[in-house]
Amino acid sequence: MSTTSEMRARIRSDIDLARALMLVRRYAEEKGFPEIPVAQLCTAASELGRNILKYAGQGTLKVKTVHEARGTGIELEVKDQGPGIEDIEAALRDHVSTGGTLGLGLPGVKRMMDTFHIESKPGRGTRVVVRKWR
Ligand SMILES: Nc1ncnc2c1ncn2[C@@H]1O[C@H](COP(=O)(O)OP(=O)(O)O)[C@@H](O)[C@H]1O
Ligand SMILES: [Mg+2]
């Protein structure tokens, strides 16, 4: 696998999500990432993918390698064209959920990753980009 390779997966079902998580794991392991960041990347992909299925119905996951002065990182981009998030600040707070669940997905992902970026427009969709260094 070359260092510029990018992988994508469409997420429309639980099975798609399970496959996407295996893809993230394999990708990170092939890049030589240790177990803990691999697990964190899988957890992030799982939470963000779960949000797609629950709130948007379908979306996409992209995985790629990024190079910076600090070394090699893995970037996940998780995107949908669902209903979007009205109040992003609230959604990033612990225990805020419009879906009756724990409300720890987005804040947990933010804590677990080295960089976290979210953009969302009501009626247009949501895009989350995270990076993790090894
Ligand atoms: N892809 C998404 N599309 C629309 N709303 C979302 C999406 N992801 C998260 N949200 C909103 O952000 C809130 C917080 O998400 P999260 O922290 O994962 O908690 P939970 O999934 O338990 O509700 C959700 O309740 C929902 O309102
Ligand atoms: Mg969630």
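Predicted model: local features only at pLDDT ≥ 70, side-chain atom pairs only at ≥ 80, totals over all residues.

Reader: Let us start with the strands. How do β1 and β2 pair?

Author: Strand β1, residues 6-11, and strand β2, residues 59-68, pair in the antiparallel sense over 6 bridges. Within that pairing, I11 stands opposite G59 in β2.

Reader: And how many bridges are there between β2 and β3?

Author: There are 10 bridges, again in the antiparallel sense, and β3 spans residues 71-80. Another is L61, whose bridge partner in β3 is V78.

Reader: What joins β2 to β3?

Author: A hairpin does, through 2 residues.

Reader: Which sense does the pairing of β3 and β5 take, parallel or antiparallel?

Author: β3 and β5 pair in the antiparallel sense, over 8 bridges. I74 stands opposite K132 in β5 there.

Reader: What about β4 and β5; how many bridges join them?

Author: The number is 7, and these two strands run antiparallel. As one of the pairs, K121 has G125 in β5 as its bridge partner. The hairpin of β4 and β5 has 3 residues between the strands, and in this hairpin G123 takes a positive phi near 85°.

Reader: Is H95 buried or exposed?

Author: H95 counts as exposed, because it has 9 C-beta neighbours inside 10 Å, and the limit for that class is 12 or fewer.

Reader: You mentioned L61 as a bridge partner. What is L61 in contact with, leaving aside its neighbours within four places in sequence?

Author: L61 is in contact with R8, A9, I11, A20, A45, G49, L76 and V78.

Reader: Now the helices. Which residues of α4 are buried?

Author: G105, L106 and V109 are buried in α4. Seen down the axis of α4, its buried residues fall within an arc of 95°, so they line one face of the helix.

Reader: Against which elements do the buried residues of α4 pack?

Author: They pack against α2, α3 (88-91), β4 (115-121) and β5.

Reader: Let us look at α2 itself. Where is I36 found, and why does I36 count as exposed?

Author: I36 is found in helix α2. I36 counts as exposed because it has 11 C-beta neighbours inside 10 Å. The C-alpha atoms of I36 and V130 are separated by 16 Å, and these two residues are 94 residues apart along the chain.

Reader: And how does L53 count?

Author: L53, which also has its place in helix α2, counts as partly exposed because it has 18 C-beta neighbours inside 10 Å. Leaving aside its neighbours within four places in sequence, L53 is in contact with I11 and L17. L53 and I85 are 14 Å apart in space, C-alpha to C-alpha, and 32 residues apart in sequence.

Reader: Finally, the ligand. Which residues come nearest to ligand 1?

Author: Of the 23 residues around ligand 1, N51, A91, S97, T101 and G105 come nearest. The elements that give two or more residues to the shell are α2 (35-56) and α4 (105-112). Helix α2 gives the most, with 5 residues.

Reader: How do the residues of that shell divide?

Author: The shell around ligand 1 divides into 11 nonpolar, 10 polar and 2 charged residues. G105 belongs to the residues that come nearest to ligand 1, and G105 is also one of the buried residues of α4.

Note on methods. Residues numbered from 1 in each chain as written. Chains lettered and ligands numbered in written order. Near = placed C-beta within 6 Å. Helix = DSSP H or I, 4+ residues; strand = E, 2+ residues; numbered from the N terminus. Nonpolar A, V, L, I, M, F, W, Y, C, P; charged D, E, K, R; others polar. Buried ≥ 20, exposed ≤ 12 C-beta atoms within 10 Å, placed from the backbone. Pairing = 2+ DSSP bridges. Contact = placed C-beta atoms within 7 Å. Arc of directions from axis to C-beta.
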